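Please look through the sequence and the 3D structure shown below before reading on.

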Amino acid sequence: MSSTAITTVVKMMESLPIEVQDRIAEHLRDYIDELQDEMRWNNAFQRTQSQLIAAAKQAKQEIAEGKATVMDYDQL
């Protein structure tokens with residue numbers, strides 16, 4: 001089922017030459033792909049957020065206890 005906004009955009013596109021319609025469709029595909037990637041990232045982040053918080057708390061505790069050392073980026 002299409003929303004009114006989608007119906008309006010389709011009618012607007014149909015009034016354009018085919019070459020322009022194709023360019024718009026390609027841009028929309030790219031944009032939708034980016035939105036889907038962002039949604040997947042957000043979902044993954046939401047699923048792991050509690051683990052990230054726990055890891056950050058542990059790191060802060062280890063720093064406070066003097067158990068942490070400065071990372072030597074040259075050894076990576």
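In which segment does lysine 67 lie? Lysine 67 is found in the segment after H2, where helices (H or I, at least four residues) and strands (E, at least two) are DSSP runs numbered from the N terminus.

## Basis of the model

This is a predicted model, in which local features need pLDDT of at least 70 and side-chain atom pairs count only at pLDDT 80 or more, while totals for chains, interfaces and linings use all residues. Residues are numbered from 1 along each chain as its sequence is written, and side-chain values use heavy atoms, with hydrogens and water left out.

## Two lysines

Lysine 67 has a relative accessibility of 60% and therefore counts as exposed, a class that begins over 50% relative accessible area, whereas buried means under 20% and partly exposed lies in between (1.4 Å probe, protein chains only). The side chain of lysine 67 also makes a polar contact with the side chain of glutamate 65, at 3.0 Å. A polar contact is a pair of N or O atoms within 3.5 Å; within protein, one must be able to donate a hydrogen and the other to accept it, and residues adjacent in sequence count only if both atoms are side-chain atoms.

Lysine 57, by contrast, has its place in helix H2, and because its relative accessibility is 58%, lysine 57 counts as exposed. Between the C-alpha atoms of lysine 57 and aspartate 33, which are 24 residues apart along the chain, the separation is 35 Å.

## Around methionine 13

Glutamine 21 belongs to helix H2, which covers residues 18-64, and the side chain of glutamine 21 reaches the backbone oxygen of methionine 13 at 3.1 Å. When neighbours within four places in sequence are left aside, glutamine 21 is in contact (heavy atoms within 4.5 Å) with Met13, Glu14 and Leu16.

Alanine 25 also lies in helix H2, and it counts as partly exposed because its relative accessibility is 22%. From C-alpha to C-alpha, alanine 25 and methionine 13 are 9.1 Å apart in space, although 12 residues separate them in sequence.

## The whole protein

The protein has two helices and zero strands, and its C-alpha trace spans about 70 × 35 × 10 Å along the principal axes. Of its 76 residues, 3% count as buried.
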